[in-house]
Amino acid sequence: MSKLFVMDHPLILHKISMIRDKNTGAKEFRELVNEISMLMAYEATRDLQLDDVEIETPICKMQTKVFSGKKLAIVPILRAGLGMVDGLLSLIPVAKVGHIGLYRDPDTLEPVEYYCKLPSDIADREIILVDPMLATGGSAAAAIGFLKEKGANNIRFMCLIASRKGIDVLQKAHPDVDIYAAAVDEELNDHAYIVPGLGDAGDRLFGTK
């Protein structure tokens with residue numbers, strides 16, 4: 001079974017409270033999502049592989065550590081996932097970025113793919129799939145399925161707020177994918193929104209309704 005990592009850093013908890021607030025405007029919301037994503041990246045990349053290399057400081061030669069040959073890719077689920085990309089890239093600027101476009105059918109609530117553009121070597125990369133909300137779990141599970149169809153086999157999922165149902169669905173569908181969440185809420189309403197959640201992350205990021 002995959003592992004669930006729930007953030008407990010005071011800065012993350014503080015900023016999550018701010019993005020939950022309905023009075024937080026789009027500009028500040030975007031900035032906070034960026035900052036939370038960057039803070040979460042420390043935990044989500046904790047187990048990345050390192051190699052020993054020799055460098056020379058102004059004083060002497062020494063053995064030190066750098067990223068191994070493993071390559072990284074950040075893949076946002078469109079459109080809301082875009083808000084998390086810059087925070088990750090600020091720490092991992094060499095990562096490539098792919099995109100998966102999904103929408104939820106309003107009648108069936110099932111995810112439908114409308115766009116998928118990934119690095120050509122996606123099968124060789126460690127992937128961080130990002131979406132601010134893990135609600136029903138359907139979109140994340142479908143996106144991971146698309147990645148696996150392309151040959152990806154090293155995937156982790158990062159979100160801001162997850163529901164218990166979404167976590168259960170994702171862990172059952174993909175027990176090999178670890179989940180990183182800044183907060184976990186207990187319920188979904190009749191429209192599959194997380195309660196208390198923060199509303200529609202895409203609308204709040206881009207000022208749309």
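Leaving aside its neighbours within four places in sequence, with which residues is Leu88 in contact? The legends below describe views of a predicted model, and the first of them takes up this question.

Figure 1. Apart from its neighbours within four places in sequence, Leu88 is in contact with Ser37, Ala41, Ile74, Ile128, Val130 and Met158. The relative accessibility of Leu88 is 0%, and the residue therefore counts as buried. Between Leu88 and Gly202, which are 114 residues apart in sequence, the C-alpha to C-alpha separation is 18 Å.

**Figure 2. The chain as a whole.** The secondary structure of the chain consists of 6 helices and 13 strands. With a radius of gyration of 18 Å, close to the 17 Å that the globule rule gives for 209 residues, the chain is as compact as a globular protein of that length. The C-alpha trace spans about 65 × 40 × 30 Å along its principal axes. Of the 209 residues, 45% are buried. Among contacts in the chain with a separation of 6 or more, 63% join residues 24 or more positions apart.

**Figure 3. Surface and charged side chains.** The chain has an accessible surface of about 11000 Å², and carbon and sulfur atoms contribute 52% of this area. There are 24 positive and 30 negative side chains in the chain. The centres of these two sets are 2 Å apart.

**Figure 4. Helix 4, residues 138–149.** This helix has 12 residues, and the distance from its first C-alpha to its last is 16 Å, close to the 16 Å expected at 1.5 Å a residue. Buried residues in helix 4 are Ala140, Ala141, Ala142, Ala143, Ile144, Phe146 and Leu147. In an α-helix there are 3.6 residues a turn, so residues three or four places apart point the same way. Just after helix 4, Gly151 adopts a positive phi of about 100°.

**Figure 5. Ala26 in helix 2.** Helix 2 covers residues 26–44 and includes Ala26. A relative accessibility of 26% places Ala26 among the partly exposed residues, because that class lies between the buried limit of under 20% and the exposed limit of over 50%. When neighbours within four places in sequence are left aside, Ala26 is in contact with Arg204, Leu205 and Gly207. The C-alpha atoms of Ala26 and Lys61 are separated by 49 Å, although these residues are 35 residues apart along the chain.

**Figure 6. Two cis peptide bonds.** The peptide bond from Leu78 to Arg79 is cis, and its omega is near 0°. Arg79 is located in the loop that runs between strand 4 (71–78) and helix 3. A cis peptide bond also leads from Val195 to Pro196, with omega near 5°. Pro196 lies in the loop between strand 13 (194–195) and helix 6 (201–206). Most peptide bonds are trans.

**Figure 7. Ala192 and its positive phi.** Ala192 is part of the loop between strand 12 (187–188) and strand 13. The phi of Ala192 is near 65°, a positive value in a residue other than glycine. Most residues other than glycine have a negative phi. Ala192 counts as buried because its relative accessibility is 7%.

Note on methods. Residues are numbered from 1 along each chain as its sequence is written. This is a predicted model: local features need pLDDT of at least 70, side-chain atom pairs count only at pLDDT 80 or more; totals for chains, interfaces and linings use all residues. Side-chain values use heavy atoms; hydrogens and water are left out. Helices (H or I, at least four residues) and strands (E, at least two) are DSSP runs, numbered from the N terminus. The radius of gyration is taken over C-alpha atoms; the globule rule is 2.2 Å times the number of residues to the power 0.38. Buried means under 20% relative accessible area, exposed over 50%, partly exposed in between (1.4 Å probe, protein chains only). Contact means heavy atoms within 4.5 Å. Accessible areas come from the Shrake-Rupley method with a 1.4 Å probe; for residues, only the protein chains shown count as cover. Lys and Arg count as positive and Asp and Glu as negative; His and the chain ends are not counted. The place of a charge is taken as NZ of Lys, CZ of Arg, CG of Asp or CD of Glu. The expected span of a helix is 1.5 Å times one less than its number of residues.
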